[in-house]
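Let's walk through this structure together, from the whole chain down to a couple of single residues. Have the model open as you read.

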Amino acid sequence: MIHVKTKFERPDADVVSRLAKFSSATIHEAQGRRGALSSRIKPIDRTMSFCGPAVTVACAPQDNLMLQVAIHYAQAGDVVLVGAQEMAEAGTFGDVLGNAMKAKGIAAMVTDSGVRDTQDLIELGLPVFSGSVSIKGTVKETLGPINHPIVFGDEIIYPGDILRGDADGVVVVRREEAEEVIALSQARDDHERELIKLYHDGGNTIELCGLTEKLKEKGLLVED
């Protein structure tokens, strides 16, 4: 097996930029409630946000050898996605590797394991999303695949898929579906803005959400 694949198709920067306008929740809903990663994966600071193509990495638990290899091969704008079997009790990433990513222009770090040096990472300004925060150290021993398909946060992710992360979580969009998802997300955003306007103009949830007939069919009883 070739451990490190370096040739895969990335989305155009313009596509990434246009998708980044939408929240992770909007994208998830717009593409048919697909692509949401496990709700365990959250930013170390709620103001952090990113959008970019995935560089996939599989690490052994408590081992960040292949993460360091992935940083070497990742390009500016990439999101390094590290699956480490959801090992919470391991600080697989900290400020030193964070600076290595920042220096290369890497867009974000996402892991189902733990990270540390969180205050330094926040000050660095690199978006970091993780399953936990742990000060426990790691080793550099085990080889693993980079830029192979990976199961992460209950989703299959392929290298070059677009990851969008914000305060609420992370969603994955297939590279080849991105244009369609952008259009669907825009339509959903437009609809929600119109709903908000109608609420402020005096509209009510039952009528605007089309619940009148459904509630009648279910036999909802309301006191006079």
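For the charges, Lys and Arg count as positive and Asp and Glu as negative, while His and the chain ends are not counted. Each charge is placed at NZ of Lys, CZ of Arg, CG of Asp or CD of Glu. With that in hand, the mean positions of the 24 positive and 34 negative charges of the chain lie 3 Å apart.

A word on the model itself: it is predicted, so local features need pLDDT of at least 70 and side-chain atom pairs count only at pLDDT 80 or more, whereas totals for chains, interfaces and linings use all residues. Residues are numbered from 1 along each chain as its sequence is written, and side-chain values use heavy atoms, leaving out hydrogens and water.

Now step back to the whole chain. Its C-alpha trace spans about 70 × 35 × 35 Å along the principal axes. The secondary structure comprises eight helices and eleven strands (DSSP runs numbered from the N terminus: helices are H or I with at least four residues, strands E with at least two). Of the 224 residues, 43% are buried, meaning under 20% relative accessible area with a 1.4 Å probe, protein chains only; exposed means over 50%, and partly exposed lies in between.

Finally, look at two loops. Arg33 sits between α2 (24-30) and β1 (42-43), and its phi is near 55 degrees, a positive value in a residue other than glycine. Arg33 is exposed, at 62% relative accessible area. Gln85 lies in the loop between β3 (79-83) and α4 (95-104). Phi of Gln85, another non-glycine residue, is positive too, near 60 degrees, and Gln85 is exposed at 64%.
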